[in-house]
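Subject: Structure handover

Hello,

My notes on it follow below.

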Amino acid sequence: MTRYTKTARWAVAGLLMTATAVACGVTNEATSASTSMRSESAVVTDAPATTSPNSPGVDPAGYSTSPGYYRFTFDVDPVRECSIGPGTDGHTVFCSVQFPPGTDSVSSPPFEGPPNAVIVRPHSVGFTIIEGSPIVAPTLPSSSEIRVGNVRCAALPGGVDCQNLAAGMRYSDGELSTYGPLETVPSASQAAAPTSIDAPMDHYSDGTEPVAPGTMCGAATGRRVVQVVSGSISCSDALTVMERYWDLPPGDYGNANIRSFDRWDCASPTARRSAELGYGSTCRRDDIELIAPI
């Protein structure tokens, strides 16, 4: 039986979706995949899901930001929010939460540092960093649900419970619980350093064969250049991924336009941050990292 495993309690503090000094983990008995929440107040107990088919459902149209995309806030102090968007194998939900002190930092380009959100895909859960929107989303009333595709999120007193096909999370009264396979997210210290965009462009390609890290794709046919920083991927696929990200419909995804599809996580840092990093957009999946040099 799939079970939640309760982790740790902590005081909620800070601003909406701002990263704090954190570190984290989840024990998942259903999958035998685990990490440990390092907190003296951590407890381990069964914590079944709280969403119910009998919970009153709200009209998702009242929470729509653009076709297929939704955002809502839930009742904690300070206010926090979740966003729901489509993917090729079902919808994905991001929820901003407060992680306990000591949680390991993660790499979520263009950001590296402590996580401030849980991402629930149809078949896995992960920790990530997101930017909040300056526009506050409507509040999901306590004890009600929003249902979008395979995602069901219920507002709890002081928190939220979101379920996907085979994964989910619950955050209530300063406690975070997750269930389903836990994604392996590289820590900031483990993340591969991007190849300098000032390095000589030794390779130009638009082909379908995997290319070496450092290859610049797109220049041969006049397309916007994409560089393969790490991992194994063809230029044809790299260009398709980045161009798909650029073509996604607009929505409220923060200043960095953080989006996910087909297990790709993409973002475009602000102009000032782009100038510092040397690229305008980045996409990452597993060990593959792509950037669009400026």
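A residue counts as exposed when its relative accessible area is over 50%, as buried when it is under 20%, and as partly exposed in between. By that cut-off D286 is exposed, because its relative accessible area is 55%. Please keep in mind that this is a predicted model.

Salt bridges

There are nine salt bridges in the structure. D286 takes part in one of them, with R263, and the closest N and O atoms are 3.1 Å apart. R263 sits in the loop between β22 and β23, and D286 in the loop between β24 and β25, so the contact ties together parts that are 23 residues apart in sequence. R263 is partly exposed, at 45%.

R71 and E81 also form a salt bridge, at 2.7 Å from N to O. R71 belongs to strand β5 and E81 to strand β6, ten residues apart. R71 is buried, with a relative accessible area of 3%. E81 is buried too, at 4%. A network of salt bridges links R71, E81 and D252.

E183 pairs with R121 in a further salt bridge, where the closest N and O atoms are 2.6 Å apart. This pair spans 62 residues, from R121 in strand β10 to E183 in the loop between β16 and β17. R121 counts as buried at 9%. E183 counts as partly exposed at 23%.

Sheet

Six strands make an open antiparallel sheet, ordered β4-β5-β6-β7-β10-β11. β4 and β11 are the edge strands, each with a single partner, so one side of each has no neighbour in the sheet. From one strand to the next, the twist averages 20°. Within the sheet, β7 and β10 pair over four bridges. V93 stands opposite V120 in β10.

Hairpin

β15 and β16 run antiparallel and are joined by five bridges. S172 has E175 in β16 as its bridge partner. Two residues lie between the strands of this hairpin, and D173 takes a positive phi near 55°.

How much of β16 is buried? Five of its five residues are, so the strand is largely enclosed by the rest of the structure. E175, S177 and Y179 point one way, L176 and T178 the other.

Cores

The largest nonpolar core has 28 residues, and F72, I84, V93, V118, C162 and M169 touch the most other members. Another core lies apart from it, with 20 residues, among them I233, V241, M242 and C283.

Best wishes

How values were computed: Residues are numbered from 1 along each chain as its sequence is written. This is a predicted model: local features need pLDDT of at least 70, side-chain atom pairs count only at pLDDT 80 or more; totals for chains, interfaces and linings use all residues. Side-chain values use heavy atoms; hydrogens and water are left out. Two strands pair if DSSP finds at least two bridges between them. Axes are lines fitted to C-alpha atoms, for helices over the stretch in contact, and angles run from 0 to 180 degrees between N-to-C directions. A nonpolar core is a set of buried Ala, Val, Leu, Ile, Met, Phe, Trp, Tyr and Cys residues joined through side-chain atoms within 4.5 Å. Buried means under 20% relative accessible area, exposed over 50%, partly exposed in between (1.4 Å probe, protein chains only). A salt bridge is a side-chain nitrogen of Lys or Arg within 4 Å of a carboxyl oxygen of Asp or Glu.
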